[in-house]
Amino acid sequence: MISQGWGWQREASQVWAWVPDAGGGRGAAMQRKTSATKDPTAVERANLLNMAKLSIKGLIESALSFGRTLDSDYPPLQQFFVVMEHCLKHGLKVRKSFLSYNKTIWGPLELVEKLYPEAEEIGASVRDLPGLKTPLGRARAWLRLALMQKKMADYLRCLIIQRDLLSEFYEYHALMMEEEGAVIVGLLVGLNVIDANLCVKGEDLDSQVGVIDFSMYLKNEEDIGNKERNVQIAAILDQKNYVEELNRQLNSTVSSLHSRVDSLEKSNTKLIEELAIAKNNIIKLQEENHQLRSENKLILMKTQQHLEVTKVDVETELQTYKHSRQGLDEMYNEARRQLRDESQLRQDVENELAVQVSMKHEIELAMKLLEKDIHEKQDTLIGLRQQLEEVKAINIEMYQKLQGSEDGLKEKNEIIALLEEKTSKITAAMRQLEQRLQQAEKAQMDTEDEDKKCLQECQSKFDSLQKQISQKEKQLVQLETDLKIEKEWRQTLQEDLQKEKDTLSHLRNETQQIISLKKEFLNLQDENQQLKKIYHEQEQALQELGNKLSESKLKIEDIKEANKALQGLVWLKDKEATHCKLCEKEFSLSKRKHHCRNCGEIFCNACSDNELPLPSSPKPVRVCDSCHALLIQRCSSNLP
């Protein structure tokens, strides 16, 4: 309960309250007497609401007339904070601690950080202030910072909406829990017009005494509502609102320009990256070009070296021939003739080689075409196999369906036979019941005739006859009930028969479908047989092609070996060889070097003690073991 700055007194049966006049800005001391049933907390809330209205209105008017930013020494601003403190303190719950009772407004204000994320900066800055020691001082600093941010109304609106959380700190009749709190929050929106620059660090907020000064709001009648001043204030407010709208529009345009600049920067960075990638690609292509040129040069060098080596080999052969011909004139002449023959043979062989090279190109093209045909036929074979597998699966499914449908037909035929037997039995029972009814009716007629005749004669037997009649009526009732039961049973049997007929029609439809499926199955079997025939024919064609390919590959290998043999092989120099190529033993004075006249490599005597005639020389010449075996194999394969 607020006792400072308010002149009210409460007794047991009456409430006396000091109510300031909020409408005209002038406080009138009025003593209002209310009945004992009036709630004192409602009066307190009304007083605080009126006081908040006066303080907010006076602060806005004085700030607009002041025309500058407000500081912490401005009296209306100080009174506003005092009124807000009283409003927030109203109805606070007392919390017990170890040393004393705690009753501060810092607890509910801390909740704003959880509800409104932008208020985290205020909470962090309030906690970092060095001079604040009490929770009340932190709450006062928080209110000043919220006013400077122009978001006090937004923060307190979040608090008022969450009444479940506020109930932990406030009583149910508190100002913040009722409608007066929402009204005060709506009034706080007008404070966004005010610009304030408050220094919170140097101020002693812990020890301040919050007393409301009513002298600021109690004015004379002469100072009521100056119209020109109100007009000026309204004009200033309109101008300020206009300027704020302009600022908002400018901020929106600036943000849009910033976004455009960011997008342009992103596109620029992307273009720069693409340029860098393109430059790297150009550098890589240049490097590849240089590598290709260097490789081309190396290939030219190697070809020149091969030509030089072949020339040297020819010269060595000529020298060996000259040495062997010395002293033998006859042999020299014969060798000369042989040289001429060999030159002619070489020309012929070169011509044959050219023909064979052209044949080789043709064979390679034919091989490629054959490989393409083989791949295509393999693909078709794979597709045909897949189709065969699918047809097999369909055949199996159809066979299973046929078996299931035949079993269902058998079962349903058995059920139909049973039902027919039951219907025959029921019809027989119905006939028997009808005969009984006819007999009973005849008996009844006979009894009625006898009764009419015997009424005159036998009045004494009337009682016994009545008893018999009653018994017969009972029997009739029983018979009628039996008839009804039989009729119902007959109706049920007829319904069952109709159902069975429907099932029979359904089964007939299924049998027709099965017959159609059988026809489709037979057609698929025919197609399957045709596909199998095509498959066997294509397999035979593929086998023939494979045999032809194997023959052509063998011919190509023979041609390649002949080309290798006919082409000038590398004649290895004596200096380059230090070990035998086959046994890898080191050459010495005892182990001499010998050239193979077919491959040109150097071997020992043990590995090259074979002699065979070659295309270059009809006489037998020294040949290594590997060339000897290869030449003998070729000769044996060429023989028919």
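Which side chain meets that of R140 in a salt bridge? The side chain of E85 does, at 2.8 Å from N to O; a salt bridge here is a side-chain nitrogen of Lys or Arg within 4 Å of a carboxyl oxygen of Asp or Glu. This is a predicted model, in which local features need pLDDT of at least 70 and side-chain atom pairs count only at pLDDT 80 or more, while totals for chains, interfaces and linings use all residues. Residues are numbered from 1 along each chain as its sequence is written, and side-chain values use heavy atoms, leaving out hydrogens and water.

**Overall**
- The protein has 12 helices and nine strands, taken as DSSP runs numbered from the N terminus (helices H or I, at least four residues; strands E, at least two).
- Of the 640 residues, 25% are buried (under 20% relative accessible area; exposed is over 50% and partly exposed in between, with a 1.4 Å probe and protein chains only).

**Salt bridges**
- The structure holds nine salt bridges.
- R140 lies in helix α5 (residues 135–149) and E85 in helix α2 (residues 75–89), so their pair ties together parts 55 residues apart in sequence.
- R140 counts as buried because its relative accessibility is 3%, and E85 is buried at 6%.
- R45 and E180 also form a salt bridge (3.5 Å, N to O), linking helix α1 (residues 40–66) with helix α8 (residues 179–188) across 135 residues.
- R45 is buried at 9% relative accessibility, as is E180 at 19%.
- R157 and D154 pair at 3.1 Å, N to O; they are three residues apart in helix α6 (residues 152–161), so about one helical turn separates them.
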